[in-house]
Amino acid sequence: MELQKEKDGFIPPVTLTAGCKINLYLRVTGRREDGYHTLESLFIPLPSPTDTLTVSRNSEEGLSFSCSVPALERSPGTVHKAYALYTDASRYRPGLHVRLEKGIPMGTGLGGGSSDAAALLLYLEKLAQEDGRAPLGPERLAGLAARIGADVPFFLHNTPSLVSGIGEKIVATENPFKGSFLLLLCPEIHVSTAWAFATFDEDLRQIAESGLTLSAGKDSTSFVHGVRLQNDLETVVFRKHPKLAELRKSLLAHGAYAARMSGSGASLFGLFTSRREAEDARAATPGVVTYLHEL
């Protein structure tokens, strides 16, 4: 991303595109004393839906922010955290105005807020170099990303990855479903990530007290291409939002060889061997926003 200065010193706005991700599987492996959950997951980046950040330079230091979703303007979010952490670490405080146009639905488990933060961190790193400042470097940038949110480090690399720990341990990998068609469903249901994990913890507590063991919810679509497509949060989310369970069943009924919820929901995906099957499944979900990708 090159910053082009005109003769009068004006720097035109820069447009940053922030993509999304899905969790092909999600296993919750523990909970730390600080409240963060440890997990194992396979993240796959998707080119749509996207958020757009338009960044303009200001003469005064600091960050101003506006958003197409007014509620996000009323309290500091991931964009503010990214700016604050980067400027504190680098002592470089450019004057910026960020206009965020939300295209990634909120509460869908697609990582929109995390992607926005990563996009701004990468921009600030590039901007610092253009302004003659020493960059923080990949390791320090990743450390800042992890402090913003569990998914943010992934978006710095944006390549298929095995993710573990609280999201900070990232190993690039091949996509085992390359060549498949992925139909992403984004129903108008909002799921709080914090609520999903808290409810999952409560279920575990009740199971432990009863002396029972936790069932992984095995079914015929679990193991695909040697990968166990399991989402530990599905049970609690589907219990509150049965419509999501119905949509998953619809994907399977219309030819998906696997279908799961992504992350903490509410988005779901189906994997298909052909575009025609995926299009047929899309036609069977009228009223639901969908995106079709060839992996």
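I'll start with a side-chain pair: Tyr92 and Asp131 are joined by a polar contact of 2.4 Å, a polar contact being a pair of N or O atoms within 3.5 Å, where within protein one must be able to donate a hydrogen and the other to accept it, and residues adjacent in sequence count only if both atoms are side-chain atoms. The model is predicted, so local features need pLDDT of at least 70 and side-chain atom pairs pLDDT 80 or more, while totals for chains, interfaces and linings use all residues. Residues are numbered from 1 along each chain as its sequence is written, and side-chain values use heavy atoms, with hydrogens and water left out.

Tyr92 sits in the loop between α1 and β4 (95–101); helices (H or I, at least four residues) and strands (E, at least two) are DSSP runs, numbered from the N terminus. Is Tyr92 buried or exposed? Its relative accessibility is 5%, so Tyr92 counts as buried, the cut-off being under 20% with a 1.4 Å probe and protein chains only. Beyond four places in sequence, Tyr92 touches residues including Arg57, Leu124, Leu127 and Arg133, with contact meaning heavy atoms within 4.5 Å.

Now the largest pocket. A pocket here is an open set of points on a 1 Å grid over the protein atoms alone, where a 1.4 Å probe fits, with protein on both sides within 12 Å along at least five of seven lines; lining residues have an atom within 4 Å of a point. The lining has 49 residues, and Thr78, Ser114, Asp151, Thr193 and Ala194 lie nearest the centre. Among the elements giving two or more residues are α1 (78–90) and α5 (193–210). The most come from α5, with five.

Terms used. Buried means under 20% relative accessible area, exposed over 50%, partly exposed in between (1.4 Å probe, protein chains only).
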